[in-house]
Amino acid sequence: MIKFELYKNRKTANIVIDKTNLKEKDARGIRRVAQKVCKDVERVTGVCPVIGESLCRTENEVVVAVLGKTSDTDGALAAELIAEMQMDVSSIRGKRESFLFVVTEQRLLIFGSDKRGTIYGMFHISELMGVSPWVTFADVVPERKDEVYMTEADTFYSKEPSVKYRGFFINDEWPAFGNWTFSHFGGFTAEMYDMIFETLLRLKGNYLWPAMWTSSFSLDGPGEQNAILADEYGVVMSNSHHEPCLRHSEEWDKVRGEQSPYGNEWNYSTNREGLLNYWRDGLIRSGGYENIITIGMRGERDSSMLGEEASLKENIDLLKDIITEQRKLIRECVDNPDVPQMIALYKEVEAYFYGNPGKRDGLRDWEGLDGVTFMLCEDNFGNMRTLPTEELRARKGGWGMYYHFDYHGGPISYEWVNSSYLPKVWDQMTEAYEFGIRDIWIVNVGDLKFQEYPLSFFMDLAYDYEKWGIANRQAPQKYLKYWCNREFKAVCDSQTLEQIAEVIQGYTRFNHNCKPEAMKPDTYHPVHDAEAERQLERIKKIDETLEKINAVMAEEMQPAFWELLYYPAKASLNVQKLNLLAGLNHFYAAHGAAAANICAEQMKGALALDKGFTDTFHGILGGKWDGMALSKHIGFTNWNDEECKNPVRAYVDPVEGCQILAYVKGDGDTVTAGGAWTGKTLIMDCFERPGQNEGIIMLLQTGNQPGNYRIHCENPGISFSETEGAVEICKEIRVMLEREKLTGEMRFEICHENGKIPVELYCEQPRIQNVKNMTFIEDRGIISMEASHFAEKKETAAGAFEVLFTYGKTKDGIKAYPCSRWFKEEEAPGVTYRLWVREAGTYRLHLYCAPVNPMYPGAAVCCSVSANGQKRQEISLIPQDYRAGESSCREWAQMVLEQIRRVECEVSLQAGENTLEIFALSPGFLLEKLVLVREGKMLRTSYLGPMESFYTE
């Protein structure tokens with residue numbers, strides 16, 4: 001077996017860099033990365049290798065080189081070794097960002113097709129040693145080893161990355177990132193960006209939009225040190241959607257003025273020459289570095305250029321004039337005729353892309369943008385909107401996608417911890433890739449901290465789409481296990497790793513279902529379907545698992561554990577819990593129940609915990625990350641944190657004497673103990689659900705003195721967990737049926753010192769026989785079905801539905817593939833659900849779909865529905881006048897806050913067995929749940945929809 005010993009007997013192999021064919025800046029960048037790899041070796045072994053430039057044939061050595069475009073442009077060492085070993089390097093020569101990693105007995109050869117390929121090859125050593133990409137930015141400690149070696153099995157020829165430019169955008173960086181970098185680095189300096197560039201390259205990224213709220217990348221280094229450092233590392237820099245020609249938004253305020261050569265107005269119509277001078281100087285200053293140059297223009301402070309009175313054509317014509325002059329400046333000032341350029345179709349610029357309906361006056365059809373990458377954007381909440389038609393996918397310049405894990409804007413900002421859910425990220429970004437968006441992927445990560453998990457996935461998906469993309473339907477679940485192993489395997493056993501995965505899956509799904517900033521006391525219903533209580537139980541379970549992990553987590557990994565898992569999970573679930581308790585508090589207080597006071601104290605404790613978690617986090621490693629958890633995250637009443645407030649805590653002064661009320665758990669209608677004259681009866685109809693033989697009655701104390709209760713029941717088939725006792729604050733009584741013993745009236749009485757509460761039971765079970773498997777049975781006029789629980793799947797030559805596991809708010813999702821095509825009615829793939837109802841009649845069908853926007857203006861997003869083989873009816877998911885991304889559009893705002901799109905139609909069902917078929921017609925349709933409601937019945941208010949109905953198996 002060929003075995004290269006990188007470290008043995010307290011000695012490491014040295015690293016030899018062939019720089020004979022490199023520019024000095026490239027040699028400096030490769031040496032910087034070599035030094036970081038040496039530090040990784042030291043982390044693992046305790047010994048740091050030496051970096052040299054010439055071979056020592058008697059020692060083990062790692063040889064690092066950048067291949068030339070042709071063999072005669074290889075470096076001297078590379079050429080010598082290629083000839084000596086008769087190596088075939090044709091598979092990577094001339095390719096983009098590729099490398100070979102060849103293991104021999106005495107040498108480890110890392111030859112890159114270009115500088116970045118070489119850098120990825122060097123960091124491949126770190127990966128094989130078990131060093132996390134988050135070793136610097138999240139303090140992940142690798143396992144110490146007595147010996148490190150590679151074998152011929154580790155020889156590796158890398159692929160080209162799937163997406164050409166892959167990176168992230170540090171944004172919305174105050175108060176967190178901004179406070180942190182000023183207190184630790186004195187600002188947005190090169191010393192700080194060294195950490196960012198290292199992390200980006202370890203993640204196999206190559207592209208960055210720098211922080212921009214109060215910073216100027218090209219000035220803050222100090223001076224150009226940031227840009228110089230990025231160029232050495234091979235990091236391609238660019239600017240956000242409203243910062244053209246390599247000038248930063250904050251620079252304008254520094255140089256504008258009546259006496260300035262740039263003028264004083266950010267207005268092309270009134271200050272044309274001043275702005276052209278401004279852009280020209282930016283291109284002269286920074287055009288020699290590796291950039292993607294943003295072109296176009298938006299108004300000052302990320303706004304539209306012209307006023308609302310301006311026509312679409314006026315805006316388009318102005319922008320065309322601006323772009324024409326900017327591209328002239330680029331040709332004049334940048335010594336690279338092929339320098340990549342990008343225009344971001346963000347917010348109102350998207351309308352300029354399409355132009356006026358029926359005309360070809362938009363940017364889409366304008367030859368002035370040939371060769372420029374169109375950077376599209378989702379709706380700021382992770383849902384695709386404009387995607388390129390098949391006709392446009394192969395255009396010169398290609399396509400990019402600007403995605404969000406963080407957003408500052410309406411209907412609500414989310415800038416705190418991770419609230420992005422991997423199944424959704426996978427679904428939306430694979431859809432983008434399948435629509436031909438393969439040139440630029442960039443994601444807004446806010447402060448970067450607490451986005452380590454989704455960012456890792458985003459970058460790996462962009463780098464290796466073949467592994468994590470559309471062909472791997474369970475990629476999110478597999479990646480979760482992979483990521484947990486990568487970050488924590490050094491100190492955790494398999495059981496603990498499984499628990500870590502459970503916690504990540506649990507808290508990210510909570511935050512996906514409702515972002516912490518958007519969470520309110522009435523988001524989940526306090527009593528209907530016991531929704532709030534079920535959520536509290538889930539939080540409790542996740543919290544218990546998290547504490548088990550914490551108890552066994554190695555001390556050296558505690559900082560990384562807090563950064564990557566404990567703080568984002570614990571703190572965000574605490575905010576969810578705070579609001580759930582507030583909902584219960586308000587419900588109990590509205591009924592005068594003393595239980596409100598218990599909830600109020602628990603809320604007070606949750607608020608104290610929130611501050612405590614933040615303070616503890618800021619103290620990690622002597623304050624290394626102090627400031628990073630400062631983003632507001634509780635009780636937003638506007639789109640941002642202005643006027644945010646903690647949930648109101650209501651306290652109750654119970655009335656004098658003994659008094660109680662009761663309600664059925666899951667229902668919420670209350671009855672107070674009193675005399676027969678009240679005429680109120682508590683109804684328990686939960687026993688009508690097939691297989692349901694147990695229900696719960698809640699007794700709440702509303703008086704200031706505990707009272708005794710006694711249950712009087714003459715039916716031998718009804719029994720109770722307790723039949724008498726005292727009600728102090730709250731009492732839970734289980735009611736159980738033995739149906740074979742039921743005789744007489746289906747009722748009982750709860751007798752109390754203050755009166756009686758009569759309880760009537762509805763126990764009739766549907767009589768069903770010989771129904772097929774996967775048949776859902778009506779329950780009190782309602783059938784609720786998870787989308788993945790279909791009975792049959794209809795595949796066609798055109799496509800088929802597939803299950804997206806764990807996608808939905810309550811379970812899975814289903815979506816038709818290929819995901820980039822429209823289906824004609826006769827070729828549409830479908831799924832069939834079986835159901836059984838008591839009565840024939842009209843039923844209201846509610847489809848709970850994933851958030852979706854039109855793929856282009858006027859495009860339909862639709863499916864079709866057929867009951868019992870009747871004529872299909874087409875259902876549109878998009879109402880008229882729908883405007884994705886605009887907070888004024890009520891339908892869109894509600895959709896993104898609730899992470900669901902609900903649509904309805906009517907279907908006719910027959911008594912007994914029925915079938916319901918759903919067919920996909922357009923891209924974007926993703927179904928999570930179906931609910932049928934008999935005419936005359938009403939759905940209880942809830943956030944997640946009714947719990948799934950009983951079905952046969």
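**Entry 1. Charges over rings**

I began with R395, which lies over the face of W399, 5.7 Å from the ring centre. I used the rule that a charge sits over a ring if NZ of Lys or CZ of Arg is within 6 Å of the ring centre and within 35 degrees of the ring normal. I then looked up R473, whose charged end sits over the ring of Y817 at 4.0 Å from its centre.

**Entry 2. Basis of the values**

I noted that this is a predicted model, in which local features need pLDDT of at least 70 and side-chain atom pairs count only at pLDDT 80 or more, while totals for chains, interfaces and linings use all residues. Residues are numbered from 1 along each chain as its sequence is written, and side-chain values use heavy atoms, with hydrogens and water left out.

**Entry 3. Aromatic pairs**

I searched the whole structure and found 57 aromatic pairs. Rings of Phe, Tyr and Trp (its six-membered ring) pair if their centres lie within 6.5 Å; planes under 30 degrees apart count as stacked, over 60 as edge-to-face and the rest as tilted.

W180 and W625 form a stacked pair, with 5.4 Å from centre to centre and 20° between the planes. This pair links distant parts of the chain: W180 is in helix α4 (residues 176–185), whereas W625 is in the loop between α18 (595–618) and β18 (660–664), 445 residues apart. Helices (H or I, at least four residues) and strands (E, at least two) are DSSP runs, numbered from the N terminus.

I checked burial next, where buried means under 20% relative accessible area, exposed over 50%, and partly exposed in between (1.4 Å probe, protein chains only). W180 is buried at 1%, and W625 is buried at 0%.

The rings of Y193 and F197 have centres 5.7 Å apart and planes at 25°, so this pair is stacked. Both residues lie in helix α5 (residues 190–202), four residues apart, about one turn of the helix. Y193 is buried, with a relative accessible area of 1%, and F197 is buried, with 0%.

I also recorded a cluster linked by ring pairs: F137, W174, F177, W180, F182, F185, F188 and W625.

**Entry 4. Lining of a cavity**

For the second largest cavity, I recorded the classes of the lining: eight nonpolar, six polar and two charged residues. Ala, Val, Leu, Ile, Met, Phe, Trp, Tyr, Cys and Pro count as nonpolar, Asp, Glu, Lys and Arg as charged, and the others, Gly among them, as polar. On a 1 Å grid over the protein atoms alone, a cavity is a set of points where a 1.4 Å probe fits but cannot get out, and lining residues have an atom within 4 Å of a point.
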